[in-house]
Amino acid sequence: MEAYYVFKDLAIIIFFAKFFGIVARKLKAPQVVGEIVAGLLIGPGILGLVQQSDFLLDMAEIGVVLLMFSAGLETNLKELLKTGPKALLIACAGVFVPLFGGALLYMGFYGTAPWGSEDFYKAVFIGVILTATSVSITVETLKEMGRLKGKVGTTILSAAIIDDVIGIIVLTFVIGFKNPDSNPGKVVLNTVLFFVFAIIVGIVIYKLIKFLDNRYPHTRRIPIIGLTLCLAFAYIAEKYFGIADITGAYVAGIILCSIRDSEYIAEKMDINSYMIFGPVFFASIGLKTNLDNMTGAILLFSICFVIVGLTTKIIGCGLMSRLCGFRGLDCVKIGVGMMTRGEVALIVAQKGLSVGLLTPVYFTSVILLIIVSSISTPIILKLLYSKTPEGA
């Protein structure tokens, strides 16, 4: 393919992604849903305007790395450390109940698989996709009702942050165990060594960048250094520790989330993501989604996937919040607030596709879960708060 064809592909992707993103936002749905639909529409399955290429795959990989870096930057580390054991326990339940639920769902459809087999890891990976929580929809809903700073809202926000950290760690382990050349001891050791490396090197880098940020506040060199750190950690994680590059990018964001200009760095990263890398990544999800192989069995699996994805979050987080001292409908509010899925679920699914743990047809299931959870969560939360005030 001639090099200049990439300009045509990018023009089509950016235009359609932004147009459908705006339409989705007008319909009170997440913008990413529109961008995914755009990818489906212009991809080989429908209009055939854009074909998947190595260039677009590389662009999408950069996009996912930048998204995870931004997620790390937006983490409130002080709030994360202050929330105590309650948010941690709720987050753990919100990870492991969907993890087991997703694995059992896959085995229920395709049969049980022996420990360590390829099918076993595919089943576990379906559960890993369900561990992610996208709290942005919940935050907007609680903010609109004036409930974000309440006890329930704070707990949901903190638990969702911890939830994603645990989910990324679980993803790292599953990808490591799936590699036939690896053994469990080596995977655990590499993961521990990476996080030890990240803590030691991260403290040094944090102090250095904090010094530069105090000396040259709000200058463009700070975001450039941040981007360099993001890409370096993504490379080091994958190359030297066998850890997913998105884990390295996320850790890089956490290292910088407490400096004074963290929001300034996030703002500059958002420009790159908003203009080009984000649309390419989310549209590429649609491009990869294979509707040709959609069968009645896959459709039934997708419906069950959505049901399991929603109920396991409510059951896991709701029951654990009950054990942590919450009462009445507050437990249900926390469970419902944790059930939205978004970018992180897509990122995890994309990673599974790249390492052979997921086939493209199952992207339909993930997209359906994101759409249903994004629409239903605000409606249910408003209904719950209308029935009883917080703490009643």
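Colleague: In this predicted model, how does the distance between the end C-alpha atoms of α1 compare with the span its 22 residues should have at 1.5 Å a residue?

Modeller: The model is a predicted one, and α1 contains 22 residues, which at 1.5 Å a residue should span 32 Å. The end C-alpha atoms of α1 agree with that expectation, since their separation is 32 Å.

Colleague: Which elements cover the buried residues of α1?

Modeller: The residues of α1 that count as buried are V6, D9, L10, I12, I13, F16, A17, K18, G21 and A24. An α-helix has 3.6 residues a turn, so residues three or four places apart point the same way. What covers the buried residues of α1 includes α2 (31-42), α3 and α12 (262-288).

Colleague: Is α1 parallel or oblique to α3?

Modeller: Two packed helices are described by the angle between their axes and the distance between the axes. For α1 (residues 5-26) and α3 (residues 54-73) the axes lie 11 Å apart and the packing angle is about 50 degrees. That angle makes the relation of α1 to α3 oblique.

Colleague: Which residues of α3 does α1 meet, and of what class are the residues in that contact?

Modeller: The crossing in which α1 passes α3 is right-handed. From α1 the contact draws on V6, L10 and I13, which meet F55, L56 and M59 in α3. By class, this contact of α1 with α3 has no polar and no charged residues, and six that are nonpolar.

Colleague: How are α2 and α12 oriented to each other, and what is the hand of their crossing?

Modeller: The axes of α2 and α12 are 7 Å apart, and the two helices pack at an angle of about 60 degrees. They are therefore oblique to each other, and their crossing is right-handed.

Colleague: Which residues make the contact of α2 with α12, and how do they divide by class?

Modeller: On the side of α2 the contact is made by Q31, V32, E35, I36, G39, L40 and I42, and on the side of α12 by Y274, G278, P279, F282, A283, I285, G286 and L287. Sorted by class, the contact of α2 with α12 has one charged, four polar and 10 nonpolar residues.

Colleague: Within what distance do the axes of α3 and α11 come, and at roughly what angle do they cross?

Modeller: The crossing of α3 and α11 is right-handed. The axes of α3 and α11 (residues 245-256) come within 6 Å, and they cross at roughly 35 degrees.

Colleague: Which residues of α11 does α3 meet, and what classes are represented?

Modeller: E61, V64, V65, M68, F69, A71, G72 and L73 in α3 meet a set in α11 made up of D245, I246, A249, Y250, A252, G253, I254 and L256. By class, the contact of α3 with α11 has two charged, two polar and 12 nonpolar residues.

Colleague: Is C230 buried or exposed, and with which residues is it in contact beyond its sequence neighbours?

Modeller: C230 belongs to α10 (residues 221-241), and with a relative accessible area of 0% it is buried. Its C-alpha atom is 9.4 Å from that of I246, which is 16 residues away along the chain. Leaving aside neighbours within four places in sequence, C230 is in contact with V65, L66, F69, A249 and A252.

Colleague: How far apart in space are T75 and S258, C-alpha to C-alpha?

Modeller: T75 is found in the loop between α3 and α4 (77-82), and its relative accessible area of 5% makes it buried. Although T75 and S258 are 183 residues apart in sequence, the separation of their C-alpha atoms in space is 8.7 Å.

Colleague: Is Y110 buried or partly exposed, and which residues does it contact beyond its sequence neighbours?

Modeller: Y110 is found in α5 (residues 84-110), and at a relative accessible area of 39% it is partly exposed. The C-alpha atoms of Y110 and A123, residues 13 apart in sequence, are 9.0 Å apart. Apart from neighbours within four places in sequence, Y110 is in contact with I298, F301 and Y362.

Colleague: Why is α6 described as largely enclosed, and which of its residues are buried?

Modeller: Helix α6 (residues 118-131) has 14 residues, and 11 of the 14 are buried, so the helix is largely enclosed by the rest of the structure. The buried residues of α6 are F120, Y121, A123, V124, F125, I126, G127, V128, I129, L130 and T131.

Technical notes: Residues are numbered from 1 along each chain as its sequence is written. This is a predicted model: local features need pLDDT of at least 70, side-chain atom pairs count only at pLDDT 80 or more; totals for chains, interfaces and linings use all residues. Side-chain values use heavy atoms; hydrogens and water are left out. Helices (H or I, at least four residues) and strands (E, at least two) are DSSP runs, numbered from the N terminus. The expected span of a helix is 1.5 Å times one less than its number of residues. Buried means under 20% relative accessible area, exposed over 50%, partly exposed in between (1.4 Å probe, protein chains only). Axes are lines fitted to C-alpha atoms, for helices over the stretch in contact, and angles run from 0 to 180 degrees between N-to-C directions. Angles under 35 degrees count as roughly parallel, over 145 as roughly antiparallel, 65 to 115 as roughly perpendicular and the rest as oblique. A crossing is left-handed if the near helix is turned anticlockwise from the far one by less than a right angle, and right-handed if clockwise. Contact means heavy atoms within 4.5 Å. Ala, Val, Leu, Ile, Met, Phe, Trp, Tyr, Cys and Pro count as nonpolar, Asp, Glu, Lys and Arg as charged, and the others, Gly among them, as polar.
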